[in-house]
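The following note concerns the model shown below.

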2 protein chains.
Amino acid sequence: MASPGNQTADILRAALDGPWRDVREQARPRLDDERLFGDPYLDYHAARDRVLEQMRLVSKFGLAERGFRREHGGTADPGGAVTGLEMLAYTDLSLWVKSGVQWGLFGGAVENLGTERHRDVVTRLMSLDLLGCFAMTESGHGSDVAQLETTATYDPATEEFVVHSPTESSRKDYIGGAAEHARMAAVFAQLITDGEGRGVHCFLVPLRDAEGNDLPGVTTSDCGLKGGLPGVDNGRIRFDHVRIPRENLLNRYADVAPDGAYSSDIENPSRRFFTTLGTLVRGRISVGGAAAAAARVALSIAVRYAEQRRQFDDPDTGEEVVLLDYRSHQRRLLPHVARAFALSFAQNDLVRRMHLVQTGQDLDPGAQRALEKRAAGFKVAQTRHATRAIQECREACGGAGYLTENRLVTLKADTDVFTTFEGDNVVLIQLVAKELLTAYADEVRDLDALGWVRFAATMARDVAREGSGVRQLIQRLRDRGGDSVDDGDLSRRAVQLQLFADREDYLVRTAAHRLQARAEETGPFEAFDNAQDHILLAGEAHIERLVLEAFIEGIADIEDEQARALADSVCDLYVYSSLEQNQAWYIMHRFMSVDRAKQVRRGVNELVDRLRPHALTLVEALGVPESTLRAAMLDDASVHQGR
Amino acid sequence: MASPGNQTADILRAALDGPWRDVREQARPRLDDERLFGDPYLDYHAARDRVLEQMRLVSKFGLAERGFRREHGGTADPGGAVTGLEMLAYTDLSLWVKSGVQWGLFGGAVENLGTERHRDVVTRLMSLDLLGCFAMTESGHGSDVAQLETTATYDPATEEFVVHSPTESSRKDYIGGAAEHARMAAVFAQLITDGEGRGVHCFLVPLRDAEGNDLPGVTTSDCGLKGGLPGVDNGRIRFDHVRIPRENLLNRYADVAPDGAYSSDIENPSRRFFTTLGTLVRGRISVGGAAAAAARVALSIAVRYAEQRRQFDDPDTGEEVVLLDYRSHQRRLLPHVARAFALSFAQNDLVRRMHLVQTGQDLDPGAQRALEKRAAGFKVAQTRHATRAIQECREACGGAGYLTENRLVTLKADTDVFTTFEGDNVVLIQLVAKELLTAYADEVRDLDALGWVRFAATMARDVAREGSGVRQLIQRLRDRGGDSVDDGDLSRRAVQLQLFADREDYLVRTAAHRLQARAEETGPFEAFDNAQDHILLAGEAHIERLVLEAFIEGIADIEDEQARALADSVCDLYVYSSLEQNQAWYIMHRFMSVDRAKQVRRGVNELVDRLRPHALTLVEALGVPESTLRAAMLDDASVHQGR
């Protein structure tokens with residue numbers, strides 16, 4: 001393959017930029033602004049103030065408005081909002097988080113759970129006239145939202161809700177904005193009216209007066225320093241019988257009448273709860289996107305450094321060798337670059353689906369639920385990728401990588417919590433896996449014993465994929481190529497996809513059977529716990545398959561032949577390194593012969609060799625402008641060159 | 001297995017404490033002192049001052065003196081010095097690093113490379129009257145010490161050396177102490193006399209006057225913030241023709257006469273260079289020890305938190321479930337606990353070997369070289385373990401894990417650079433692997449073609465193990481049990497060790513052959529680079545096998561039956577989770593059947609089930625006093641309990 005040069009990078013970047021590439025292109029030059037970058041030498045109070053100033057700059061970009069409906073003064077482009085705000089992850093993740101809290105979480109709660117009567121709040125929060133926070137998590141409960149302990153008890157005498165923290169563990173915790181800046185909170189609490197608990201609902205609770213003092217009954221405190229994100233003022237809130245007007249219930253899905261009568265269009269309380277949470281999917285999608293963006297920054301820095309840093313002589317030439325010419329260094333970095341490509345396409349696809357659902361263009365009744373599953377899965381994949389890739393980048397840059405001036409440690413520290421927030425990753429994979437198991441169980445529930453056997457033998461592998469179109473995709477890829485899948489060439493896309501899909505199917509099917517068999521013996525919890533490692537694998541396999549599909553679809557849209565060929569090699573590296581990670585499983589479950597597994601290992605080596613000359617093109621394609629990298633070691637090449 | 005309770009913890013802790021358990025026991029109550037802990041709210045200048053105050057407290061512990069010879073006023077107990085200082089990693093890693101720089105690196109250089117004429121420097125540095133730094137690494141070269149560019153040119157006219165930084169990349173970089181506190185540096189530079197380069201030697205160069213100002217020709221600067229270790233003042237040094245007296249050459253292994261004549265007892269320049277570096281092995285051993293100590297703190301915190309934190313209902317009981325009762329949580333933490341056990345035994349063994357060599361009790365001519373190889377390998381194993389285990393602990397504690405008040409993020413940030421310093425891990429594994437390949441090549445060099453074939457078939461697997469005693473150990477373990485190894489029960493120690501050893505032998509042997517075959521085609525560098533992933537695996541397999549041996553020997557010394565049984569299960573978990581990580585390799589190379597690999601996976605699950613009730617005992621055995629954990633979430637249980 002000839003070195004395709006910068007034009008190829010431009011074409012690939014356009015492909016990776018996805019449906020909102022105009023939003024990305026508009027944002028790029030704006031990011032070249034010192035004021036938008038964090039200053040690691042500020043103490044954390046000053047860092048928080050700086051982020052607030054940054055938000056005021058960002059509020060002029062017209063990004064926040066995209067997230068709100070036209071009747072609220074927005075521009076009704078949720079995909080553009082998520083994509084545009086994600087770009088802030090290139091400069092300062094504290095800024096991204098604070099923006100996400102204000103416009104995404106707090107704003108999203110009011111926009112999506114509120115009604116006409118909360119319009120003024122939306123207008124004010126959009127312009128930063130009103131700073132808010134999103135008070136869901138408590139010290140006692142994070143991922144398990146249904147168990148929140150804060151109460152909001154309706155008092156018909158005064159037509160108010162009384163918001164209260166009844167226990168130590170019910171204090172709101174880790175709430176971004178609660179320590180200093182927020183004047184109001186969207187508080188998730190157990191609604192009680194007529195002496196009856198109605199489950200978790202969301203309420204607007206004023207926190208501070210104009211001078212920033214806690215209002216009566218509200219006690220905020222500061223979580224203090226964290227692993228990173230110094231510009232985010234995470235805090236705790238306790239409520240001591242705080243009274244708010246009845247109208248402060250965000251009443252899109254349920255309301256309380258002046259006399260205390262509870263009403264909702266959604267009769268089933270569980271469905272109501274999940275509908276409420278479902279509107280918040282944008283937060284989860286945004287976290288995944290920002291994590292992947294941070295990883296792109298780190299990879300751009302580490303690959304560029306590896307192209308200039310020399311260490312150890314080549315005894316054949318007497319010259320010191322550029323780091324990226326070492327096989328081990330290629331293997332450290334390039335598979336992460338390949339995964340960064342894969343996840344960019346996956347995120348674009350996810351944002352597009354969200355946009356269609358949230359703008360009412362996708363009316364399929366299952367679309368919202370499918371979106372939530374996908375968002376959960378991709379959030380896990382992207383935040384894990386960020387944790388691993390940034391760590392590898394840091395180590396691959398040696399001592400220089402440890403200096404704050406080279407940014408990698410800040411990227412690591414800031415993104416570290418992404419594996420936890422908007423849903424702990426272990427909990428989220430289980431959510432994905434449970435959805436798969438439920439879909440599977442729905443199909444098989446009514447079969448008798450003989451039916452089960454037949455089913456397992458003939459149809460099972462297709463059930464989990466229902467609706468995903470993977471069969472059609474494999475068929476299409478098959479038609480395009482020649483040979484059959486089963487003994488096919490591992491470099492063929494259909495064969496690769498089949499391997500990913502086979503793994504997923506097998507894991508889902510066997511997890512279901514294992515659960516069923518154990519549940520009869522031990523009860524459902526122990527059965528579930530006993531199979532937990534199996535279930536988690538099933539969820540992971542599903543996510544990997546969806547990511548690969550997105551990659552394949554993304555490549556198909558590239559028209560330029562040279563660029564597409566390069567992207568194809570990157571996709572191969574993603575596939576081979578994923579297969580290599582799971583090769584024990586493939587061999588043990590007879591989906592791969594030992595010879596084929598060895599071929600996979602050799603394949604990774606061949607692919608990093610093949611991609612090595614294009615490494616700079618690939619990181620340029622990742623789309624982080626060079627002016628936003630700002631790693632001192634890159635600007636100071638002569639110091640780091642060696643002889 | 002009945003729950004053995006605290007007595008068992010005490011017995012296990014004594015075993016893990018190793019030969020210097022008295023030093024550890026003396027240190028423990030002293031660590032319960034607020035002043036020895038870092039204050040994350042200080043700015044970095046104040047943090048550095050605090051560490052200096054901490055060092056003055058530590059200087060009264062009598063630990064530093066252990067590292068020096070009696071004729072210098074020390075107590076000549078290098079094993080006790082390394083072990084005792086390691087305990088500081090429980091409170092503040094910045095303190096540990098600064099202490100290590102002062103007494104270990106700077107002190108060690110003067111002690112081991114200097115002679116009688118440098119005695120006064122040793123006395124002063126021991127008492128902190130003289131603060132020093134260790135100026136080896138340059139911006140251009142870190143791990144490749146032979147390529148350092150700083151020059152020290154002898155001027156016979158004045159009987160001085162002229163120390164100079166000739167290029168941008170020759171500035172000394174990342175030097176702990178150089179930014180603020182150090183008054184003197186041990187500078188590694190290319191010695192030039194009579195117009196001839198004599199290779200890298202070490203010189204004492206005064207840096208600052210009594211007021212802390214740079215001396216003429218010396219320009220220090222500050223590396224500023226890093227990923228962690230805020231209390232360590234890393235800096236840069238440039239020399240502009242700085243003149244130092246001839247006597248400032250540390251002249252144990254080479255000297256320059258007043259007339260400029262160079263002399264050395266070690267004729268071979270390469271041997272001289274490696275002898276010089278070899279004296280510094282203590283630093284590498286200490287880094288590994290401190291990394292493992294930090295991981296023990298993190299594991300102690302995370303396991304205790306997992307014992308109290310409840311999330312999600314058990315549908316069978318309606319009670320919320322303690323985190324550590326989840327299979328996935330056990331699988332996240334307990335294998336790291338098992339590895340922490342393994343590495344404690346390995347470190348004890350390593351320190352003991354170092355002590356014997358450095359106190360002249362082990363006079364085997366190969367002992368120093370073997371020690372260096374082992375030190376390099378264990379440094380890699382321990383720093384990797386720290387990176388992974390602490391990250392897992394952070395994530396396993398959710399949002400609470402991200403707060404600085406719970407210490408995990410600080411442990412992560414502080415230890416992150418340990419993978420790099422005292423030798424980059426990738427470079428160090430290669431060093432280990434090259435030693436193995438050299439030993440192998442020495443054995444096979446003189447064989448003809450037929451000899452090679454015979455050799456490969458019959459003897460090869462024993463060569464790499466020569467001197468390690470592994471064969472004898474396997475035989476001993478075999479004799480103790482009954483059945484043969486090859487089809488033996490996987491729970492038998494001899495079978496386990498055989499699997500580890502087989503992997504190592506196979507990898508070393510095949511790497512050697514691959515190198516030989518390629519080298520004839522492509523030249524040695526390309527051959528090496530092409531096989532680099534293979535070579536790295538060989539080094540890793542060797543390290544894993546040595547760690548297992550140390551674990552086995554460590555258990556053998558435990559007399560109490562109940563405690564030994566528990567330690568045996570922990571060792572099994574170490575073995576099974578290591579085998580699980582490498583199961584693809586074992587299957588692909590026919591050392592393990594698919595059935596056996598499945599047995600391994602089940603085995604991990606069974607072992608975490610079996611060890612679950614003893615989790616607290618195990619972390620108590622790790623020996624981090626509860627009073628030094630100081631994670632707010634542990635002291636504040638009711639807040640984090642849930643309902």
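1. A network of salt bridges links A:Asp17, A:Arg24, A:Glu25, A:Arg28, A:Glu86 and A:Arg296; a salt bridge here is a side-chain nitrogen of Lys or Arg within 4 Å of a carboxyl oxygen of Asp or Glu. Over all chains the structure holds 100 salt bridges. The model is a predicted one, in which local features need pLDDT of at least 70, side-chain atom pairs count only at pLDDT 80 or more, and totals for chains, interfaces and linings use all residues. Residues are numbered from 1 along each chain as its sequence is written, chains are lettered from A and ligands numbered from 1 in the order in which they are written, and side-chain values use heavy atoms, with hydrogens and water left out.

2. A:Arg48 forms a salt bridge with A:Glu180, with the closest N and O atoms 2.7 Å apart. This pair links distant parts of the chain, 132 residues apart: A:Arg48 is in helix α3 (residues 44-58) of chain A and A:Glu180 in the loop between β4 (172-176) and β5 (184-193). Helices (H or I, at least four residues) and strands (E, at least two) are DSSP runs, numbered from the N terminus. A:Arg48 is buried at 0% relative accessibility, whereas A:Glu180 is partly exposed at 22%; buried means under 20% relative accessible area, exposed over 50%, and partly exposed in between (1.4 Å probe, protein chains only).

3. In chain B, the side chains of B:Arg208 and B:Asp214 meet in a salt bridge (3.8 Å, N to O). B:Arg208 counts as buried at 6% relative accessibility, while B:Asp214 is partly exposed at 31%.

4. At the interface, 90 residues of chain A are in contact (heavy atoms within 4.5 Å) with 90 residues of chain B. The area buried between the two chains is about 7200 Å², of which carbon and sulfur atoms give 52%; buried area is the accessible area (1.4 Å probe) that two parts lose on being put together, summed over both. In chain A, the residues losing the most area to chain B are A:Tyr402, A:Phe525 and A:Met588, together 11% of what that side buries.

5. Ten salt bridges are found across the interface of chain A and chain B. The side chains of A:Arg331 and B:Asp533 meet in a salt bridge at 3.9 Å, N to O.

6. B:Thr387 is found in helix α10 (residues 367-396) of chain B and is buried, at 8% relative accessibility. Not counting residues up to four places away in sequence, B:Thr387 touches A:Gln391, A:Glu395, B:Lys412 and B:Thr419.
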